[in-house]
Amino acid sequence: MIKREDILADLHTHTTFSGHAYSTIKENIDELNKFGHYKYIAVTDHFYEGVNTLDKKNINCRLNYCKDRFNRFDIGISVINGCEFNIGQYTDEMKYLKDLDWKLIGLHNWFFDITKRNLKDVEDEVMFSLTLPNFRFSALAHIEREIHKVNNGKYGAELTEEVKKFLNNIVYFCKENNIYMEVNESSIVYNEGGAVDRLVYWLKKAKGNKNIISLGTDAHSCYEVGRFDNVLQLLNEIEYPKELIVNCDKDMLMNLKNN
């Protein structure tokens, strides 16, 4: 049984720096401190390409040195340098961020138009992303989302055999390549296009395969940070082993850079 206080970190949060979130890092930290049991927060603002020279420097400095500006002080929560990258978006500027502690990568249709691709194309691109030379990602974020958009909505919200095969392949690929898979609170809250059914399916497969998973709220406002009500319920229904959850293990959290 995983208890609320067993979760020591929120490993997927956004700030105003992402451009479509509403709170500052301080507001997120202050809100997380109210729970009383959190020790870490990963700031995983989005990475976008096509910016000018000054913005490239700002992105580099903001993401790489974030924790240094906060962790000098006793604020109750340790900041983990992180970023959320995009499948299908690979730029030269990423080289400045390869030493971040926590590198998420997610499937976002804005950056990889899956409406014009079949499911095998998506699978190939995900696997290509996770094995980029000289750039190692920490975790695959919310893979259950956006599948309903593939091939002009071919699958809708249904959990077809083809979708199951896709999710199976991703689960095994992540385990073989030491990539964590993320259980995302927002996927459950919003449940766009049948995301919950797909999440439940791959999570059960991951349990049998002993994948290490991470937990993230995907908070875009401070009031969402640290609120894992739906994730907790799902993990306990499935009886996912606590020892396979990064957020519940202080040693794994302290050594994220080594993943």
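Where is the place of Y155? Select Y155: it lies in the loop between α5 (150-153) and α6. Before going on, note that this is a predicted model, in which local features need pLDDT of at least 70, side-chain atom pairs count only at pLDDT 80 or more, and totals for chains, interfaces and linings use all residues. Residues are numbered from 1 along each chain as its sequence is written, and side-chain values use heavy atoms, with hydrogens and water left out.

**Stop 1: the whole protein**

Zoom out. The protein has 10 helices and 7 strands. These are DSSP runs numbered from the N terminus: helices are H or I with at least four residues, strands are E with at least two. The radius of gyration is 17 Å, close to the 18 Å that the globule rule gives for 259 residues, so the protein is as compact as a globular protein of that length. That radius is taken over C-alpha atoms, and the rule is 2.2 Å times the number of residues to the power 0.38. The C-alpha trace spans about 50 × 50 × 30 Å along its principal axes. Of the 259 residues, 54% are buried. Buried means under 20% relative accessible area, exposed over 50%, and partly exposed in between (1.4 Å probe, protein chains only).

**Stop 2: Y155**

Return to Y155. Y155 is buried, with a relative accessible area of 5%. Show its contacts (heavy atoms within 4.5 Å). Not counting residues up to four places away in sequence, Y155 touches L119, I147, V150, T160, E162 and V163. The C-alpha atoms of Y155 and G193 are 9.3 Å apart, though 38 residues separate the two in sequence.

**Stop 3: α4 against α6**

Select residues 119-130 for α4 and 161-176 for α6. Their axes come within 10 Å and cross at roughly 10 degrees. That makes α4 roughly parallel to α6. Axes are lines fitted to C-alpha atoms, for helices over the stretch in contact, with angles from 0 to 180 degrees between N-to-C directions. Under 35 degrees counts as roughly parallel, over 145 as roughly antiparallel, 65 to 115 as roughly perpendicular, and the rest as oblique.

Show side chains. From α4, pick L119, V122, E123, V126, M127 and L130. They meet E162, V163, F166, N169, I170, F173 and C174 in α6.

**Stop 4: S186**

Finish in helix α7 (residues 185-190), where S186 is found. At 11% relative accessibility, S186 counts as buried. Leaving aside neighbours within four places in sequence, S186 is in contact with R145, N191, T217 and D218.
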